Amino acid sequence: MAEYTPMIQQYLSIKADYEDAFLFFRLGDFYELFFEDALRASQELEITLTSRDGGKGNRIPMCGVPHHSSQNYIGQLIEKGFKVAICEQVEDPKVAKGVVKRDVVQVITPGTVMEGTLLDEKTNNYIASITPLDEGYGMAICDISTGQNTVKIIPEDLKSVCLELQSLAVKEVIVPKDMDDEQVKMLEEFYQFTVSKEGEPVIPEDLHTITEDLSSHALKDTGNQLISYLVRTQKRSLEHLQKFETVEATAYMKIDPNSKRNLELVETLRQKQKKGSLLWLLDKTVTAMGGRVLKQWIEQPLLDRQAIEERLSIVESFMKQFFNREQIREQLTEVYDLERLAGKVAYGNVNARDLIQLKRSLQKVPAIKDQLLDMDHAGLQQRSNEMDPCTDLCEILEASIHEDAPISIKEGNIIKDGYHAGLDEYRNASVNGKSWIASLEQSEREKTGIRSLKIRFNRVFGYYIEVTKSNLHLVDEERYERKQTLANAERFITPELKEKEDIILQAEEKSVELEYELFLQIREQVKSFIPQLQRLAKQISEIDVLQAFAVVSESGQYRKPIISQEGRIRIEGGRHPVVEQMMNRQDYVSNDVHMDDERGVLLITGPNMAGKSTYMRQVALASILMQIGCYVPAEHATLPIFDQIFTRIGAADDLAGGQSTFMVEMMETQYALTHATERSLLLLDEIGRGTSTYDGMSLAQSIIEYIHDNIGAKTLFSTHYHELTVLEEKLSRLHNIHVKAIEEDGKVVFLHRVEDGKADRSYGIHVAELAELPTELIARANELLADFESEKKQGRPVEKVESKERDSEGQLSFFEPSDVKKQENKNTAPHPALEKLKKMELLSMTPLEAMNALYELQLSIKQEKQEDSKWAKSNN
Ligand code: ADP
C-alpha cells in the first residue's frame, strides 16, 4: 500500500468497504474507476481502458465517465444487476490540505433506484430481505420509491421463497451475512437476484417505528435487516418509509408463481409482455399509483367476502353513475405520482417543478371529494370524507413557488414575489438598478449627443457603455474610462455605472442564494406532510383502480358476480376476457360452466386447438376477477371464493434448471396435490402428455382419482386420453364435457362450443394439416390411422409401430393386441408386469411414487424386449 500515491491509497481504503460495488471515484469532472473495477467496467460499458501512474511507476488500470453523463452509465450497470458506490469529494479542494477528502455518499443498487428510466411508473421496484427461521423464512419487501413495506413468514423452503420473490419481480435480496454460500449462489446464479449481505442491523432511532409494531422477533429481524441495509447504502433521510404491514398467509387467495405465469396475470407466458395479460386488459387506470395498485391487487385477490362485496358495489356505483365517474377520471388524469413524490421529498431530490406538480395534484382533490360525496354509495361517501386534500400544504406551495420555475434549484426564479420580504428587497434593488441603468443610457445619449450609444452587460466586464468608431470624437474622455477596443466600437465604463453594477450584481447573487435557502425550507415543510400524502395516494389509487374496473366491465359488458356460499360455479355465456379482447368480439363463442358438490371434476376432451385450455383458464380468470372486485365476462356468474388456484397448463420447460417438461409437469402437479383444499380450484391441462401413452394415462387416471377421493377441490382436467372418459361411470362427482368440433369436407371445423359428454375423436391429423405439414405426410398419417383403427377392431397386432406414444383416437389400448399375442405365443401366464400393476395401491401413492413404479415396470418390459430381439437375431 505504501508504494501507491496518497490518492490511490485513499481509493483503496474506501474500496475496501465497498467490495461488491463499482466504486465511482470523483476526480474533477469525472468519475474514475481503477484496478479490477476498471477492467470490468470498461467491458460492461464498452468504454476505453487506460492506465495511470499509481506511484513508483506502477501503472494501474483506469477508466472513467464524465460526471455530467454519469447517470446513463450508472443506469447501464444497475440494469445489469450491479451496484455502484458514488464517491464524492466532501471538502472544498481549494481549502484542502493534501489529498481532498472523499467519501461514499450513496450506493445505488437495482433494488434502490429512486428515479430515472430504470423505474417504470406503473410497476413497483422491490427490494427484499430474507432470514432463515426454524421452519421457513421471514420475508420483507420494500419499494423504496414509494416507501411501501410488507413482511411475512413463508413456511416453506428457499426455492418457494425464490419463486415468490421472482413472481414479484424483486431485483435485489438482502440476506444475513452468514448465509450458506450454496444458498447465496442459488439466489445469484439460478434466480439472478442481486444479493447483498447484511450483518447485525444498525438502525437510527427515528426509524425504529417502522418495525416496532411487528408481532414477532422473526418479522422484526427480517424487517430490520432490510432497513439497516437501506440506511447503510442510501446515507440519507428515509422518513418516507412506512410502517411494515404484516401480510397474513390467510389474507389473500394463493396463486403460486407457476400458476400466475400460466394464467398470464401480469405478463404473457412466452413473450413476457404486459400486452396480452390480464393486467393489460384491466389497466384503464389513469394515475401511475393506480397502475401499481392494480398490479398488486391482481397478484393478491381477496378472501374476505365483505371486502370483495364492498369493491364490487363501488364498481357497480361507478357503472351506474357514469357522469360522476367521468368527472373523477378527468380529475385523476392530472394527479401526479404523490407516492413517489413523497419519496423524493424525503430523499431530498425534488425540484420546484415537482412541487408545482404536487400543488396541481392537490388542487384536484376537492373536486374528486365532491364527486365521490355526490355518489349514491355510503362507502364512497365515507372515502370522500376521509380524504385530506392537504389544504395547508397547497396554500404554502401556492404562495411560494413560481408556476414556471426552472428545473435547477440553484439558479433562482423559483420563489414568487411577496413570499419573503428580504427576497423582495433584493429583487427591488436589482430591478431598480436595472431601470436606473436604462435611464442612464438615455441621459448619456443626450449628454454626448451619440444617438447610437448603448449600455450592455457581459459576464467579463459587467455593465459597459458602447460607442461606435464614428462617434468616438464625441466621448467625454474625462468621465469615460476605456475598457476594450473592438473592430468598429469602443467600450467604456464610468464610476457611477460600476457602483450601480455592484448593487445589482450583489442583489442578484444574494437573491439566488436566498431563493435556494427558502426552497430548502419549503421542502422541509413538505416533508412534514409525507404521511398525509401517502395516505392520500393510497385512497386515490384505490379509487383509480375501481373506476378502471367499471370502465373495463362496461366496455366488455361484464356482469356483477354473485358469491356462492355453497361452492357452486354457475357461469353462463362466459368468455375468456383476454382471448375475447384479442380477437373479433363477435367471433368469440361464449360457454357455460356448471360445477358444484355433485359435479366437482370436469373431464374435458376435444381436439387440440378446440379451446380446452381457454375454457379452463376462463374459470380461473373469472374467479380472480371476482376476488379482486371486478365484474366478470359472462351473462351470469355465480362463483365461490377460492382459497387457492393451481394450474398445470402448457409445456413450461424449465430447461435452464435442467428439468424436462415432464419433470416440471410432475413437480407442478405434486405442488398442487399437496397444497390444494376442498375450497381450491385446480386446472390440469393434458397431464401425462409428456411421457409414453401408458405411463401418461395411468398417471392421469390416478391423479384424477386422488383429487376426486381425497381432495375434493373443484377441478377441470383436460385430456387427449379418450379412454379416461369411462371414469364418469366410476367416479360419482366426475362429469365428461367436450369441446365440439365437426368435420366438413374432410376438414376440421372448431366450434369452440362446450357440451356435456365426451368427444368423439381427436382430429390430431387435421390439426397437423392446419399447421401445414407436408401433404404426403398427412396422407400417410391418414393411411396409418385407418390401419390402426381396422387392426384394432380386428384385434390384430399393429404393424410398423415402434413407439407406443401416439396421440389420437387410435391410441393403443391398455391391453394392446401385440402384448396379448406375445403372451399367447409364449404360452405363459399373464405377464408379471401386469400382475404387479394390478396389485399397485395407486390411491395411497404420491404421483412421484407412481411415476417411479411405472418407470420400473416399463424398464422390465423394455429389457425383456431387448432380450427377445437379441434372441430373434441369434436365431436368424
Ligand atoms: P386447446 O387447449 O383445446 O388445444 P386452446 O384453448 O389453446 O385449445 O384454444 C386454441 C385457440 O382457439 C385459442 O388460441 C383461441 O384463438 C381459439 N379459441 C379458444 N376458445 C375459443 C372460443 N370460445 N371462441 C373463439 N375462439 C376460441
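**Labels and their cut-offs**

Biologist: Why is His377 called buried?

Modeller: Buried means under 20% relative accessible area, exposed over 50%, partly exposed in between, with a 1.4 Å probe and protein chains only. His377 has 10%, so His377 counts as buried. This is a predicted model, where local features need pLDDT of at least 70, side-chain atom pairs count only at pLDDT 80 or more, and totals for chains, interfaces and linings use all residues. Residues are numbered from 1 along each chain as its sequence is written, and side-chain values use heavy atoms, without hydrogens and water.

Biologist: What makes the pair His377 and Ser313 a polar contact?

Modeller: A polar contact is a pair of N or O atoms within 3.5 Å; within protein, one must be able to donate a hydrogen and the other to accept it, and residues adjacent in sequence count only if both atoms are side-chain atoms. The side chains of His377 and Ser313 are joined at 2.8 Å.

Biologist: How do you know that the buried residues of α1 line one face?

Modeller: Helix α1, residues 6–15, has Met7, Ile8, Gln10, Tyr11, Ile14 and Lys15 buried. Down the axis of α1, they fall within an arc of 155°, so they line one face. The arc is taken from the directions from the helix axis to the C-beta atoms.

Biologist: Which ligand atom lies 2.8 Å from a backbone N or O atom of Val589?

Modeller: A nitrogen atom of the ligand. For Ser613, a side-chain N or O atom is 2.7 Å from an oxygen atom of the ligand. The protein covers 76% of the 560 Å² of accessible area that the ligand has on its own, by the Shrake-Rupley method with a 1.4 Å probe.

Methods:
Helix = DSSP H or I, 4+ residues; strand = E, 2+ residues; numbered from the N terminus.
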